[in-house]
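Me: I'm new to this one. Can you walk me through a few spots?
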Amino acid sequence: MSSAQQLIRSQRDLLLNWTCDHPAPLLRWLRDAEVLSSAHYLSLLERSPSNAVAQALETVCSTEESSQKFLQVLREVQDYYCRDLQDWVERHYRNNGTSKPAPAPVKVEEKKPKSPIAKLFKGKSSKGFTLNAEVKVPISAHKTTLLKRTEQLKCYSEGDGVASNSASHIEIRYTDLFVTEDDDFVDSSQHEYFDLASRRARIYVHQACQRIRPSHLLSPQSASGRPPKRVKVKGIAGIGKSVAVQRLVYEWAIGKNMREFTCIFDLRFRELNLIEAPLSLLELLGERFRYLKAALPELFTSPSSLLFILDGLDEFKFTLDWNSPDKNIDVGSKVPVSELMVSLIKGSLLPEASVILTTRPSTEAPKRFFQRCCVVLGFEEDQVKEYTTKFYKDTQVAEKVYDYILNNDNLFVLSFIPLYCYIICTAMAEFFSSENQDTDDSKSLELNPPRTVSEVYFCYLFTAIKHHALRGSAERSTPRSEVLSRAKYQLTNLGRLAYESLLQKKIMFNRADLEKYGVTPADLQSTFLCHILQRLKEETVEMFSFFHLTVQEHLAALYCAINLFSQEDIIEALDFWCFGQCPPSSTAAPLQNTDLNMDKLESLQMFTRFFMGMLRARLGGTLDGLVLSPMEQGDAIPARLGSWFQDQFKSRKLENQTALNLLHCLMEFHTKEATSMAAPEIKKLNL
């Protein structure tokens, strides 16, 4: 047996012990070195860590060539692992190749010969900046922490009929997105859905030259150009912005992309909402990344090697003043967090650092501050198929679900938005899993497929409730109303939390917030709440949030739909949510304590669409079990709403954004009577 094989075989248990806690860097680098095939690599990611490393070592030891490649890889990834492994690499490197020739009097046999292993360890050091020990150790800890945080994509059902709050590895589940340059020809005041549709129509012709991979967001736009320092990535709700930057952080942390940066700081605006007092950038980062605290002053001496990723500007509750004069602040200046973010984005603070900002199109972030603006357009047809295939472990189920999506136009259009694709796949799992083929579920679905966004979300929610309400029970034919009635208490509490928080643009909650609304954090794993809420545990704080803003918006809408009891309530509510008209005194719970800032109105647009969809569900009896009494004059409501929509188009001077939101509301209400009354008044729309 040759030397590299011999060494690895003899040290197998030690190597296994040192790397099994966190095998991701080792496995990825072995795949890229072609020691592991792509298929083998993906299969190892689904195994337990120790099993994955053991299997990889078996493959490594099969040939001398792969054993040699393994030793080269080990040197590249040693910083991710314990000091003992680093000493082992250093010892074999030193003992086998770097000693100077001994003086003449020394006997030849005392001189260490160069072994083949020495040549392997004498590779080039990794790219990037030379870090001193005080910075190198914290950066290694930072990369390991980021890897553990970003290597899983939350997935609430594996498609085998068992809904579990499990996660899927980002290397397995991640599907490429369609990202392109944001040109100047599109009127930024137009509605985000028009924007998306017109781009798709225009871009398909020449998409190849415009497509941008997330890892190339900071690449020069031309061969001779300089890399952009400030990049804005915009896209509608659920289009995949956060997952794209999660993949970016993962690729940097594993050492495969953006190696020109010594450090990446990923900050989410929903978490920055928790900061009330003024603070400096040093304090913010020192608190968020405690293990980096001592290294921050050293890192700031080379700001061009730093990248800030600021995710979800649309979720920021503080007002941003883009037109205020630049203040002379540095990393130690204490200012409100909103001022800190504006200074960082505009470049008046750390102009040499790089910044990637993600946001919904409806949130203002002026183009003049960015050298590159991109827009995420979601999936194309091929990606929808790829995502569906990856989503289910059972390939037969994947094929059935994809065919079903393909043959239902409304679902097919929705599936281009990744979050909707995920919600659809999760909801469909219940209908198409192999164990359900004896039931009538798939037949009933074919007769009555979800047609609107509201119906897709309700289908997802009902699937989750049904699974947990009937756990341990064989009565799969239990009526819908009975299933809903079992979850009524929790749904009502959760909906009130979602709605009242939405009015305040609050999306992060602590334990006290949940308990105030009767939601028990301890129930998270054992009930359907595991499909709705997620726990965010940082080093110093434990918070909770809905797993996506649209889920909060949907539950808020469901709460309102079951707690408004008359035509007057509904009209007053719509006037309030769409136009900010405070309702007169009302006994309906959603219309009390209506403290809403006018500048937060645009953030209620998705919620109002969901409300109209849930109102239709209530009138159609779909929410029976959640409501005790029918709505007053329920039969007359479509006509009354038709008249309301008619009035808005007739007498109001509607901006494009508001006009299209009203059309979305009509679409979600999906009632011929209301639509036919409103349609004649829609004489002109600037698309």
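Me: Start with S338. Leaving out residues up to four places away in sequence, what does S338 touch?
Reply: S338 touches F316, F318, T319 and L320. Keep in mind that this is a predicted model.

Me: Where does S338 sit?
Reply: S338 is in helix α17, which covers residues 337-346.

Me: Buried or exposed, that S338?
Reply: S338 counts as buried, because its relative accessibility is 16% and the cut-off for buried is under 20%.

Me: And how far apart are the C-alpha atoms of S338 and D321?
Reply: They are separated by 8.3 Å. Along the chain, S338 and D321 are 17 residues apart.

Me: OK, new topic: the sheet. What's the strand order?
Reply: The order is β3-β8-β4-β7-β6-β5. This is an open sheet of 6 strands, and the pairing is mixed.

Me: Which strands are at the edges?
Reply: β3 (179-181) and β5 (263-268). Each of these pairs on one side only.

Me: How much are neighbouring strands turned against each other?
Reply: On average by 20 degrees, with direction ignored.

Me: Back to β5. How many bridges join β5 to β6?
Reply: There are 6 bridges between β5 and β6. The two strands run parallel, and β6 spans residues 306-311.

Me: Now S354. Which strand is S354 in?
Reply: S354 lies in β7, residues 354-359.

Me: Is S354 buried or exposed?
Reply: Buried. S354 has a relative accessible area of 4%, and anything under 20% counts as buried.

Me: What is S354 in contact with, leaving aside neighbours within four places in sequence?
Reply: The contacts of S354 are L218, K229, R230, F261, L306, L307 and F308.

Me: Last topic: α3 and α4. At what angle do their axes cross?
Reply: At roughly 170 degrees. The axes of α3 (residues 24-32) and α4 (residues 38-45) come within 9 Å. An angle over 145 degrees counts as roughly antiparallel, so α3 and α4 are roughly antiparallel to each other.

Me: Which residues meet there?
Reply: From α3, L27, R28 and R31. From α4, S38, Y41, L44 and L45. By class, the contact has 4 nonpolar, 1 polar and 2 charged residues.

How values were computed: Residues numbered from 1 in each chain as written. Predicted model: local features only at pLDDT ≥ 70, side-chain atom pairs only at ≥ 80, totals over all residues. Heavy atoms only, no water. Helix = DSSP H or I, 4+ residues; strand = E, 2+ residues; numbered from the N terminus. Buried < 20%, exposed > 50% of the residue type's maximum accessible area, 1.4 Å probe, protein only. Contact = heavy atoms within 4.5 Å. Axes fitted to C-alpha atoms, helices over the stretch in contact; angles between N-to-C directions. Parallel < 35°, antiparallel > 145°, perpendicular 65-115°, else oblique. Nonpolar A, V, L, I, M, F, W, Y, C, P; charged D, E, K, R; others polar. Pairing = 2+ DSSP bridges.
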